Every structure is written in structure tokens, then in C-alpha cells.
Amino acid sequence: MQELNKEHKPLIVAFCCNWCSYAGADLAGSSRLSYPANVKIIRVPCSCRVNPTFILKAFQKGADGVILCGCHPGDCHYTSGNYYARRRMTLLFSMLDYLGIERERTRVEWVSAAEGAKFSKVMNEFAKTICELGENKRLEDLRCKD
Amino acid sequence: MQRIGVFVCWCGSNISATVDVEKVSAVLALEPNVVISQNYQYMCSENGQALIRNSIKEHNLTGVVVCSCSPRMHEATFRRACESAGLNPYMLEVANIREQVSWIHKDIEEATEKAIILGRTAIAKLRLNTPLTAGESPVIKRALVIGGGIAGIQSALDIAEAGYEVDIVEKSPTIGGNMAKLDKTFPTLDCAACILTPKMVDCAQNEKIDILTFSEIESVKGFVGNFKVGIRKKARFVNEKLCTGCGVCTQKCPSKRGLNDFNMNLNTRPAIYIPFAQAIPNVAIIDPEQCLKLKNGKCGLCAMQCPTKAIDYTQQDEIVEREYGAIVVATGYKPISLENFNEYGYSTYKDVVTSLEFERIMNAAGPTSGHLERPSDHKQPKVITFIQCVGSRDTSGCGKPYCSKICCMYTAKHAMLVREKYPDTQVNIFYIDVRTPGKNYDEFYRRAVEQYGVNYIKGMVGKVYKEGDNLVVQGSDLINNEQLLIKSDMVVLAAAIEPDPSVRKIATLLTTSIDTNNFLTEAHAKLKPVESPTAGIFLSGVCQGPKDIPETVSQASACAAKVIGLLAKDKLKCNASTAGADEMLCTGCSLCENVCPYGAITYIDKEFRLGGGRTEVRRVASVNPAVCQGCGACTVTCPSGAMDLKGFSTKQIMAEVDAICKN
Amino acid sequence: MNSKEQVKIIKERSGTDASKCMKCGKCSGRCPAYNEMDIKPHQFVSMIEKGEIEKLLNCKAIYNCLSCFACVERCPRNVAPAAIIEAVRQEVIRMQGGNYINSEEIPQIVDEQIPQQLLVSMYRKFNK
Amino acid sequence: MQRLEVAFLEKAKELLSSGQVNRVLAYKKGEFCYDVSPAVFYSVEELENAVYNGFCGANLSKYLIQESKKEGKVAVFLKPCDTYSFNQLIKEHRVNRENVYVVGIECQGKFSIEKFYKTGVGFVASVQEDLDSVLVNGETKIDRNAVKLERCLVCKKQHVVYDELLVINEKKDGDLDRFEMVKKLEAMTADERFAFWKEQLSKCIRCNACRNVCPACTCTKCVFDNDDSQISSKANADSFEEKLFHIIRAFHVAGRCTDCGECSRVCPQNIPLHLLNRKYISDINEFYGEFEAGKDIAQKGPLTNYTTGDIEPNDFKGGNK
């Protein structure tokens with residue numbers, strides 16, 4: 001079992017808002033600040049577009065960690081979208097914690113378009129945390145694992 | 001059935017050095033619905049775009065996936081290419097294999113695998129794309145300029161010149177701003193009033209320009225082309241329409257103790273006053289803190305004296321609502337407070353003044369009528385010491401980390417003016433660096449040194465203290481490596497400048513971003529210096545960063561050009577990615593309406609056929625596509641999933657999640 | 001130990017980043033012991049940055065500095081010249097070894113009026 | 001207590017016969033005394049079968065979504081907790097208030113038949129109610145609190161919306177801390193919580209009773225029945241789907257759930273579903289200030305509102321590790 005865990009490459013889904021965090025990821029790229037290849041980004045217009053079902057679905061399909069990145073509170077391109085996202089995610093994460101699911105598997109980070117370094121740092125740290133947690137067993141659908 | 005074309009870009013070697021582009025295009029060719037998959041050196045080049053266009057026609061493509069740089073870079077380019085080949089521009093998806101792959105991963109195998117997954121994800125999303133068309137919204141042909149300093153005045157004049165109506169909203173009782181307080185201007189030494197006041201008069205006389213002084217922005221709604229702004233006209237207790245500015249009231253007013261803020265509080269003014277002789281509008285105003293009538297009901301002299309019965313002690317604040325197509329922010333600056341700089345003794349010694357106070361002392365219309373006198377005993381100073389960089393370039397937390405840009409030049413100006421008018425006065429200037437980039441600027445500074453004999457000392461002042469009647473300035477001379485103790489009659493501090501504090505509230509109302517120093521952020525530091533990141537909001541003058549007058553005026557005109565360009569359009573293309581409710585699912589619960597930041601959602605009662613000739617009237621959500629900006633807040637609030645966002649639909653995002661996770 | 005290493009140690013010990021200095025001279029502008037010092041406070045900052053360690057180790061100024069911290073207080077860039085001076089002095093003392101003042105001697109050699117701060121400063125200057 | 005039932009019948013008859021309403025939504029007798037179900041009565045004669053007693057636990061507010069759309073006015077008898085649900089439905093424009101005549105009726109707590117069985121009385125043929133106790137089958141006296149539904153031990157007591165009140169005796173007790181069990185769960189370790197919910201949720205047979213009874217679940221078509229939602233499912237295929245269904249259901253009603261407890265009351269598997277909803281309620285109270293759905297319709301719901309200083313999603317305290 002130990003051997004298997006070492007080989008396990010965790011899968012991380014990162015939802016990034018188009019205006020700040022996706023641009024921050026672009027800046028990380030153009031600054032050549034690397035982060036693990038198992039982080040895959042999905043572009044959404046705003047952090048408030050992210051439905052809790054997207055996050056649960058990602059876990060179901062085998063993601064080991066899901067992170068949501070948006071503009072810093074107060075800087076939302078749509079003025080207040082990230083404030084709603086913040087409440088929704090707080091409640092969702094708290095519920096997952098209540099159900100006994102490792103809270104470290106979910107995360108929200110505010111990354112501005114100027115914070116390429118932060119984006120890379122956040123992704124490296126998150127990937128490390130998920131690596132340490134190992135495979136997502138509590139929120140996966142075995143049928144979705146090939 | 002979709003027919004998808006995949007185009008993998010090498011970006012020269014930017015992508016191809018770490019991603020096996022041949023393999024990516026070969027693997028993606030096997031994906032369902034993909035009918036052609038190619039790679040090319042530069043997809044964004046004319047040849048690359050031609051490849052896309054030709055493939056669309058040749059293979060009857062219904063959708064295009066480009067694996068290239070970030071969509072933020074070339075999505076628009078490729079959309080245009082699709083459109084010119086007759087494909088709906090929204091039938092395009094970009095897989096970002098440069099910023100997210102080749103530039104951050106070194107291992108070719110790993111990078112290639114990730115590029116393939118991102119390509120598959122884009123294909124998965126594209127399968128569910130539908131053609132979108134952007135709506136149009138009309139443009140209100142009127143601009144708002146917030147701030148009536150030289151920046152706002154110039155922007156307003158230029159916009160009006162092009163034939164559009166402009167309102168200037170100024171928080172103080174007159175337009176003119178800081179420039180109206182200046183004596184002379186560098187590098188030509190012409191008098192500030194002589195060049196500014198004609199422009200102020202032009203504003204007042206231009207029928208396209210409406211000036212709202214003593215007014216503040218209260219609320220902002222809407223979006224580019226369609227802003228609705230609430231403006232608070234504060235009570236000035238004088239009917240602007242009736243007052244002729246004759247000034248009789250100001251002479252009769254018995255309460256004369258109010259500090260004259262136009263003269264930097266160096267002297268006093270009556271409770272009813274006109275800020276300065278050339279004020280626009282030339283209308284009196286009552287300071288309610290000072291007015292005896294307003295404070296305790298006893299007086300009323302001004303009302304008795306007023307020949308036009310313009311005084312109105314009952315006047316109240318008034319809110320006016322106006323609509324604009326574009327908004328210019330020109331809120332300007334103020335000198336920083338010097339409370340953190342006790343070493344210079346500003347709050348202890350009367351004869352330590354700021355440069356802006358010195359401007360008023362030197363100004364013929366100022367408190368000393370232009371005679372150089374020091375404030376403590378009104379004696380003419382024989383030795384004046386200027387200290388530059390007071391609070392500028394300060395990372396210790398006491399001041400501002402940036403260079404205030406204008407101080408080197410105005411200090412040289414002050415030194416020259418003093419030496420010109422009072423040749424027997426000794427003038428010392430402590431400087432860290434003298435920064436003079438600008439046409440004829442260095443020549444100006446050298447003239448101060450060479451022709452006017454100003455004593456420039458490379459070094460900084462550590463303390464200012466009093467000895468008898470005089471001040472002693474203790475500082476270092478780094479060139480001679482000695483410490484100096486200079487007896488001075490007067491000390492002038494070149495205080496750093498900071499954005500006017502009102503800008504924070506305004507930035508919040510306008511939802512535009514602001515940096516750590518409270519300067520408004522431009523959309524692009526080099527290529528979009530006068531646009532804010534929020535569409536329809538433009539930046540003029542020091543609110544965006546420290547600037548001198550020539551630079552402010554050029555930026556103000558640039559800003560006006562952008563506004564004119566916007567107002568010249570009759571309609572604006574709206575965002576195509578808008579929300580919409582599935583009326584069969586919508587329950588009319590109003591949750592989405594509550595979270596929409598744009599007020600784009602309303603509810604209508606709609607009749608639905610139930611079959612068998614029966615009908616039912618139901619309340620359903622209706623999205624105004626001209627107003628919807630496509631954030632998606634409503635989609636998550638909707639429990640029934642009736643609300644969805646075009647271009648980022650639930651199905652599309654779920655398909656992306658699937659595509660990423662199944663690998 | 002070569003001089004490069006010494007510079008590195010002094011920089012570390014001072015806990016201040018000399019490269020932040022913008023050479024305004026405000027430290028020397030306020031220094032009350034300026035005239036006594038053969039190397040001025042602002043020179044300490046630029047010399048340590050340039051690695052001119054020999055001159056610093058042999059100067060008198062390290063004993064003239066009053067440790068009043070006026071230069072630290074005034075610096076607009078959060079550089080601490082006094083900390084650099086202190087670090088150089090410590091380096092010299094450590095190279096020599098030994099203490100120059102003994103706590104038991106203090107009651108005999110010191111004036112009662114002397115401020116506490118000076119005593120502390122004295123310990124710092126003359127002891128290892 | 002019999003006085004209340006008499007008053008209820010009189011009121012219903014009066015409303016119908018005066019023509020003030022053309023139907024009454026209330027409860028009708030079943031085969032057994034505990035087998036009471038919601039019903040609409042169109043005439044005074046039909047009211048023969050109407051009852052109002054301790055087994056009338058069902059929340060009638062949800063029926064008003066359809067009833068209030070029909071021709072003519074409907075009278076309804078709502079318990080205090082029912083009025084919260086009804087008020088929330090008014091806020092969400094789901095009922096036509098003008099078509100409803102609300103009689104706020106007294107409630108001394110409703111019964112759980114399972115709790116009767118637990119006392120060992122066996123078959124319950126008849127129940128004579130008193131304020132503090134009940135007499136089963138004319139012989140066994142039981143403390144009323146012992147047979148009350150969990151939700152009635154943490155009662156809301158006040159009617160928040162009504163046209164008239166029918167209250168003879170003030171409600172007694174019902175002041176237990178409703179978050180006690182939530183706190184207990186939070187104090188468990190993550191593994192214990194996971195084990196607890198795994199055991200509870202794996203009992204779920206996806207009968208959808210919780211959803212169908214819930215007065216906040218009023219969608220025309222539920223996302224779990226809609227293939228386009230990408231999460232539709234008819235039955236739980238595995239432990240993930242058990243969780244998904246209940247997390248999403250609780251999330252969809254978060255900030256709207258009035259804690260009426262119907263989900264747990266109707267669950268045939270006795271899953272304590274209200275503990276999911278109460279977790280959201282307790283989080284909302286803690287993070288965003290006290291909020292009670294259905295109490296004040298002018299107040300903005302916590303998920304359609306925000307403050308700039310809200311707690312960050314990574315920073316909540318959460319349960320034990």
C-alpha cells in the first residue's frame with residue numbers, strides 16, 4: 001500500500017476567474033514560475049460562477065483537491081461576485097468538514113492579475129498538501145475510476 | 001454532429017521546445033468529432049489564421065480549438081479569423097498550452113501529456129458550444145468629469161469641443177483645484193492664474209459644459225454607455241442663480257474668524273465668502289460652522305445687504321440624478337500630512353512651511369499680497385532653506401514610497417523666484433537627487449544654480465530647531481563630507497503628494513481598482529494609461545500617478561479623446577456571454593434578482609399553455625442581455641438550475657471537469 | 001576568515017539591508033557625534049555595501065557612536081546605520097577577544113548621574 | 001385539549017358556511033388515530049372527517065403553492081412552525097397570499113408514533129390529550145414530552161403570519177437547544193463524523209420523501225430529476241451519490257430552510273436529515289449573524305447578501321480534526 005501511495009499522482013482542479021486569477025496564472029507562466037503539472041485550470045468568468053456541484057463532481061470523478069481562485073475581495077470585476085462565492089464556499093467547505101471529509105482538500109485563494117508569484121506559490125503549496133493527504137477516498141465514486 | 005478542427009501552435013519554440021506539438025495534434029485528431037488536427041509555427045500570424053479560415057471552409061468545420069497561448073492574448077484574434085470564414089466567433093475554444101504548460105514545465109513528456117489533456121478539455125467544452133450573438137446597447141452622449149482641477153477642466157473642454165455635453169462635479173465651491181493656488185509655473189515661469197483662469201472662464205461659458213460645484217458623487221449605477229449617477233449638491237446657503245458675486249455680503253459679515261483654506265489657512269476669511277477673485281462660479285458661499293445666523297439665529301446681515309436676495313439660510317442638500325455614457329476621474333492630489341515628520345518642526349515652528357503654503361506667500365493674490373514674509377513676525381527672511389523629498393521615497397512607513405515627481409522642479413522655481421525678487425536672500429536646498437526629466441527642465445534647474453546662485457546641498461536634513469529668533473537646520477553635506485548647521489529665517493518643506501482622499505469612495509462607487517498608495521490603476525501601464533480596467537471609466541491627472549501640469553494636461557486630453565471615441569458610437573456591442581432562464585424550470589423565486597450586481601434581472605408574468613386548451617400564468621425571470629455582464633452569480637443562486645450562462649454553461653463546465661478528471 | 005565572509009557576517013548581524021540605502025544622508029544629517037567620527041554614519045552603509053571592510057575595522061568611529069539610534073529613527077528607507085556600526089564593533093571586539101569592562105568595577109568608575117542607557121551602551125561597546 | 005378541536009371545527013365550518021372561503025385545507029382522519037393526513041374540505045359535510053390533534057404534524061404550507069393558484073379563497077390552519085415556511089414561500093413569490101385565509105392554530109407539540117412504541121404501550125388505539133400528558137388506550141398515562149417529535153422540543157412558538165389566531169392555551173416548554181446535536185457532531189473527530197454520516201446516509205433509499213415534503217424544495221423540476229443538470233440520478237448507486245444528494249439538497253435550501261423538521265419526520269429510514277440543515281443554520285448564525293428564515297420577509301437571505309468583512313472559506317473553525 002505504501003508503494004502505491006508513493007506512485008499516486010494527485011489530480012487537482014483549479015477554477016480560476018477570468019479577470020484576476022486566470023491572468024495571475026498567465027503571469028506565473030510568463031514569469032516561468034512553475035507549479036505541478038497535475039494542477040489543471042478551468043476558466044470561469046467569475047468565482048461566483050462556481051457551483052458547489054462542480055466541486056463535488058470533480059471529486060466524484062477522481063479529483064483529489066479542488067481550489068477556487070478569484071479576485072481579491074473588493075476587486076471583483078463584477079463588483080460583488082467573489083463576495084457571494086466566499087459565502088457559498090465557506091458554507092460548502094464547512095459542510096464537507098461536518099461530514100468528516102478532509103477540509104484541506106478544498107481551498108479558496110484570492111489571486112490578482114499581478115500575483116503570478118502568489119499563484120505559483122499557492123498551487124505548489126496546495127499540491128504538496130494534497131500529496132500528503134493522499135488519494136481522495138471519502139468523496140469519490142468508484143465507478144468513475146478507471 | 002459537431003465537426004471540430006484542432007490547431008496546435010508552436011509559438012516559435014516557446015511551445016514546441018517543451019511540448020511535442022506533433023504528438024499533441026496526432027492524439028487530438030483521434031478525439032470524437034475532430035475532423036482535422038494540424039500544427040503550425042505561429043497560429044496567430046496571417047498564415048496561421050489563413051490555415052484556420054481555409055480549414056473551416058474546406059472541412060465544413062462547426063467549431064475550432066486552438067492550442068496556443070492564453071486566450072487572454074489571442075482569443076479575439078482567432079475569433080475574428082473564425083468570423084471571417086463564416087463561423088460564429090463563439091464556436092472557438094482556446095487551450096492554453098503556453099502559459100499553463102510549456103512555460104512552466106520542463107519535462108517534455110509531462111508537458112505533452114498535460115497539453116493533450118487541456119486540448120481534450122477544450123474539445124469537450126466546444127462540443128457543447130452554441131453560436132452566440134452579442135447584443136447592442138445605446139450610448140448616452142454625455143460625459144461626467146469628477147474633479148474640477150486643471151485635469152478635469154482640460155478633459156471637459158476637449159469633450160465639449162467635440163460637441164458632447166459634459167458635467168464637471170467639483171467638491172469644493174469653485175473649480176480650479178490646486179493649480180489655482182500656484183504662483184508661477186515651471187519651466188517658463190508664467191503665472192498660473194494667467195493660464196488657468198481663462199480656461200475656467202471657457203468652462204463657465206461653454207454651453208455644453210455644466211459645472212456643479214460644492215457637489216459630490218453619491219451613487220453610481222449602470223455600465224459603460226449607460227451610467228446613472230446620483231450627485232449630492234451640498235447646501236451653500238446662497239442661490240447660485242441669483243448671486244452676482246458682487247461681494248457686498250463678504251464685506252458686511254461680522255464673523256471673520258474662519259480659516260481661509262484657499263490660502264492654506266495662512267489667514268482668515270468671513271463666514272460668507274467667495275473663495276478667490278476669479279472663482280468659477282463667482283458665487284458666495286456660507287460656512288455654516290462660522291455663520292452666526294446658522295449657528296444661533298442671530299445676525300442675517302448678509303441677507304439684508306444682498307441686492308439680489310440670493311441668501312437662503314434654509315437651503316438643503318439636494319440630490320440630482322443624471323445619466324452619462326462615460327466618466328472621467330480627475331480627483332487630483334493633496335500634500336501629505338506632516339505629522340510623522342516632527343524632525344522638521346512643521347507643527348512646532350510657524351516659519352517652517354510647506355511648498356504649497358510658500359506658493360500662497362509668494363502669490364500676489366495671497367495672504368501677504370506677494371511680499372515675502374515669514375509667518376511668525378512678518379519679517380522678510382534673509383536665509384531660506386528648502387528641504388526636498390519630505391515624505392517622498394520613504395519606505396519606512398512614515399511617508400510614501402514613490403517619488404512625488406513635481407517637487408524638484410517647483411523647489412528650483414521657488415528658489416529662482418526668491419533670488420529674482422530678493423537678490424540678497426540666501427537660498428539653500430537640501431536634495432537627495434535632483435530629478436528633471438522633461439523638456440527644458442534640466443536647463444531650468446541649471447539656471448537656478450548657475451544664474452541665480454542657489455546653494456544646492458547634496459544631503460538630507462536631520463533636524464530643524466530654534467535658536468533665538470532663528471531656525472537652525474542641521475543636515476549633512478555628502479559631497480564635502482561634513483555636517484552643516486545652517487541658520488535660517490524660514491524653512492520650506494517639499495511635502496510628498498498623495499491622491500485626494502475622496503478618491504477611495506469614488507473608486508468604490510465606480511468599481512474601479514486602486515493601488516496600495518490610493519492611486520487609481522490604469523488598464524495597462526503602457527498601452528492603456530488613461531483607461532481604467534472598468535469599461536467607460538477614464539483617468540485624468542494625478543489620481544492615476546504624480547504628474548506636473550504639462551503631463552496632466554496631455555493626459556487630460558488623451559482621456560478626452562478616449563471619451564469622445566466612446567461617445568461617438570451610437571451603440572456598443574454587449575457581452576455575448578449572458579445569462580438566461582429556462583422558463584419551464586424557473587419558479588420565480590427572486591433569488592437570482594437579489595444577487596445580480598447589475599440589476600439585469602426582472603420578473604414577468606407569462607402565460608404558458610398547459611395543453612388541452614388550458615393556460616397558466618407564471619412569474620418567471622427575464623434577463624436584460626444589454627445589461628447582463630455574464631458573471632454567473634445568478635446561476636449558482638438558482639436552486640432549480642433554471643438560470644444558465646451562455647458560453648460558460650453548467651453542461652460545458654461539467655464537461656471540462658469530466659475531461660480533466662478522466663485522464 | 002576572509003574579508004568577504006566578514007562582510008557577510010556583519011551584514012547578517014546588523015539585520016539591516018544596506019542595499020536599500022538611497023544615499024540621502026539623513027543619518028549623517030542628524031548624527032550628534034558626527035564631528036567626532038572619522039567615518040560618518042552614511043559611509044558605514046555604503047562601505048559595507050562595497051565591502052571596504054578593512055577601513056571600517058580600523059576606524060575610531062565605532063567607539064564614538066553613541067548608539068542614540070537617531071540615524072535609525074530618521075532613515076526613510078528602514079536602513080539602520082547604527083546597527084551596522086554596532087556589528088562592525090562587535091566584529092572587532094570578537095577578533096580581539098576579552099572584555100574591557102567588568103561589572104564589579106562599575107560602581108567605582110562610574111558617576112551616579114550617568115544615564116542607564118549609556119551603561120547599557122557601554123557594555124555593548126566594551127564587552128565581547 | 002378537546003376544546004381546541006371543537007373550536008377548530010367550528011371555525012372551519014363558519015368560514016365555509018359564511019362563504020368567506022370556498023375550501024379549507026386541514027387534516028382528515030385515517031384508519032387509525034395516528035394516521036392523519038392533509039386534506040382539502042369543500043363543504044361543511046365533508047368536515048365530518050376533519051381532525052385536529054397531536055398527530056397533525058404535517059406542514060400544510062407547501063400545499064398552498066398549488067391551492068392558492070386555484071379559483072377562490074382557501075382557508076388553512078397553520079401551526080407556528082408552519083407559518084415560518086409559509087412566510088418564506090411568500091417571500092419567494094411561491095404563494096398567492098391574497099387567496100389564502102390563514103388561521104394560526106394552537107399547537108402543544110406533535111407526536112411521533114415511534115416514540116409511543118418506544119414507551120412499550122404497544123398498539124395505539126386512542127390517545128386522549130392533555131397539556132402535559134397523554135392517556136393511551138384509556139389506561140396508560142405518558143408524559144407529553146416523551147412522545148413529542150424532536151422539532152417540538154425546540155419549538156418556535158409564535159405565529160409570524162396569520163389573519164386570525166385560534167389559541168386557547170399558550171404553548172409550554174420546548175426550549176431545548178436545537179444545535180445540541182450539531183455541536184456534539186462537531187466535537188467528534190473527523191473520522192467519527194465520517195463514520196456517523198456514512199452509517200446514516202447509507203440507509204438512504206432515495207425515496208425522495210424528504211425532498212417532496214420540504215416546503216423550501218419547490219422547484220418545478222428538481223435538478224436531480226433533470227438530465228441537463230449533469231447530476232440527475234434516480235437512485236443512489238454508491239456512497240458518493242448518497243452524500244451528493246443530501247449535500248446539494250441542504251445547500252439549495254440553505255438560508256431558506258425554516259427548520260420545520262419535516263424531512264426527518266417523513267424519512268422512512270429515520271435519517272436525522274435536519275442535522276444537515278441545522279448545520280447550515282448554525283454556520284449562518286455564527287458567520288453572518290443570527291438569521292431565521294421565514295421570520296422577516298424584508299430581511300435579505302444570507303446567501304443573497306454579503307459584507308466586505310465576511311469570514312474566509314479557509315478560516316472557519318470547523319469540527320475537530
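What percentage of the 128 residues in chain C is made up of buried residues? Buried residues account for 38% of that chain, where buried denotes 20 or more other C-beta atoms within 10 Å of a residue's own, exposed 12 or fewer, and partly exposed the range in between, with C-beta atoms placed from the backbone. The model is predicted: local features require pLDDT of at least 70 and side-chain atom pairs pLDDT 80 or more, while totals for chains, interfaces and linings use all residues. Residues are numbered from 1 along each chain as its sequence is written, and chains are lettered from A and ligands numbered from 1 in the order in which they are written.

Chain C contains 9 helices and 0 strands; helices (H or I, at least four residues) and strands (E, at least two) are DSSP runs numbered from the N terminus. Among its contacts between residues at least 6 apart in sequence, 73% join residues at least 24 apart, a contact being a pair whose C-beta atoms, placed from the backbone, lie within 7 Å.

Chain C meets chain B through 18 of its residues, which are in contact with 19 residues of chain B. On the chain C side, α2 (26-30) and α6 (70-74) each supply at least two residues, and α2(C) gives the most, with 4 residues. By class, this side has 7 nonpolar, 6 polar and 5 charged residues. Here Ala, Val, Leu, Ile, Met, Phe, Trp, Tyr, Cys and Pro count as nonpolar, Asp, Glu, Lys and Arg as charged, and the others, Gly among them, as polar.

Chain B also touches chain A: 35 residues of chain B are in contact with 36 residues of chain A. Contributions of at least two residues each come from α4 (98-102), α5 (108-126), α17 (633-637) and α18 (650-661) of chain B, and the largest share, 8 residues, belongs to α18(B). The side of chain B that touches chain A has 16 nonpolar, 11 polar and 8 charged residues.

Within chain B, 5 strands form an open sheet with parallel pairing, in the order β20-β27-β21-β22-β23; strands pair if DSSP finds at least two bridges between them. Because β20 (352-354) and β23 (455-458) of chain B each have a single partner strand, they stand at the edges, and one side of each is left without a neighbour in the sheet. The twist averages 25° from one strand to the next.

Strands β21 (residues 383-390) and β22 (residues 426-431) of chain B pair in the parallel sense over 5 bridges, and I387(B) has F430(B) in β22(B) as its bridge partner. Helix α12 (residues 407-421) of chain B lies across β21, β22 and β27 (490-495) of chain B, running at about 175° to β21(B). Such angles run from 0 to 180 degrees between N-to-C directions, with axes fitted as lines to C-alpha atoms, for helices over the stretch in contact.

Key: Contact = placed C-beta atoms within 7 Å.
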